[in-house]
Amino acid sequence: MIKQPKDYIKEKKKSHLIKSIGWGLVIVAIVTIGFFFTNENASYFTIVAALLALPVALNVSRYFAYAKYKDPKVKHSEILDHMKGSFDSYHSCIIPDTTVTLYFEHIIVTSRNFYFISKNQEMIAKAKPLLNLRMNNKGIDGSKLHYICAENGKAIKNATVKIEKDACFASEALQGNTKIIDGMLM
C-alpha cells in the first residue's frame, strides 16, 4: 500500500504556500476593514491581524522546510509501487533529527525488513549509523535495515527483485513496522 504518494513534497509545498497567501490576505482584509470602520491604524482589528501573523509565519517556515527537497522520478516510484507482495511504500521521505535531516527518495517496509532507497551514496553513509541507533532503540535489529543506492531505473528494478522476495512473507508485523516509519517522517 502506498503510504506517501510520489508527489508528496510538491503537494506539501503547494499546500503551505496557499495557506500562507490565504492567511496573508485575511490579515490585509482585517486591517483594511479596521481602518475603514475606525479611521485609525491602532485598533482591535490591528491586534487581531497581528496575532494572525503567527499562522503565516508557521506556513512560510514549513514551506521553506520542504523547499530544498524534490520528489523522486515518477517512473522510479511507479516501478516500486507495482511490486508484488505485502509491503508499504513511502516516496519523498524526510527524516528530521537533531544533527542532520535525512532524505530518501523511497522507503519500502515489509513484515521483516526496511529498505531505505536513495540515489545519494553520501546520504546513505550519513543515515546508516543514525538510523541503526534509532531503530535499535525501537527494538529493530540492524540486520533488518537495508540501504540501497539506486541512481537509475535499472538499480531500482534490481532492488525490486530482492524486495519482492521479502514481501512474499505477510504478517501482522507490517503494521508495527509501518507505524515506526510513520513516527520518524516529517
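Helices (H or I, at least four residues) and strands (E, at least two) are DSSP runs, numbered from the N terminus. The model is predicted: local features need pLDDT of at least 70, side-chain atom pairs count only at pLDDT 80 or more, and totals for chains, interfaces and linings use all residues. Residues are numbered from 1 along each chain as its sequence is written, and side-chain values use heavy atoms, without hydrogens and water.

**Ser111**
- Ser111 sits in the loop that runs between strand E3 (102-109) and strand E4 (114-118).
- With a relative accessible area of 8%, Ser111 is buried (buried means under 20%, exposed over 50%, partly exposed in between; 1.4 Å probe, protein chains only).
- Beyond its neighbours within four places in sequence, Ser111 is in contact (heavy atoms within 4.5 Å) with Phe169, Ala170, Ser171, Ala173, Leu174 and Asn177.
- A polar atom of the Ser111 side chain lies 3.1 Å from the backbone nitrogen of Ser171.

**Aromatic pairs**
- The structure holds seven aromatic pairs (ring centres of Phe, Tyr and Trp, its six-membered ring, within 6.5 Å; planes under 30 degrees apart are stacked, over 60 edge-to-face, the rest tilted).
- Phe36 and Phe37 pair edge-to-face, at 5.6 Å centre to centre and 65° between the planes.
- Phe36 is exposed at 63% relative accessible area, and Phe37 is exposed at 58%.
- Phe104 and Phe116 form a tilted pair, with centres 5.3 Å apart and planes at 50°.
- This pair links Phe104 in strand E3 to Phe116 in strand E4, 12 residues apart.
- Both Phe104 and Phe116 are buried.
- Phe36, Phe37 and Phe45 are linked into a cluster by ring pairs.

**Largest pocket**
- Strand E3 gives the most to the lining of the largest pocket, with three residues.

Methods:
Polar contact = N/O pair within 3.5 Å; in protein donor to acceptor, adjacent residues only side chain to side chain.
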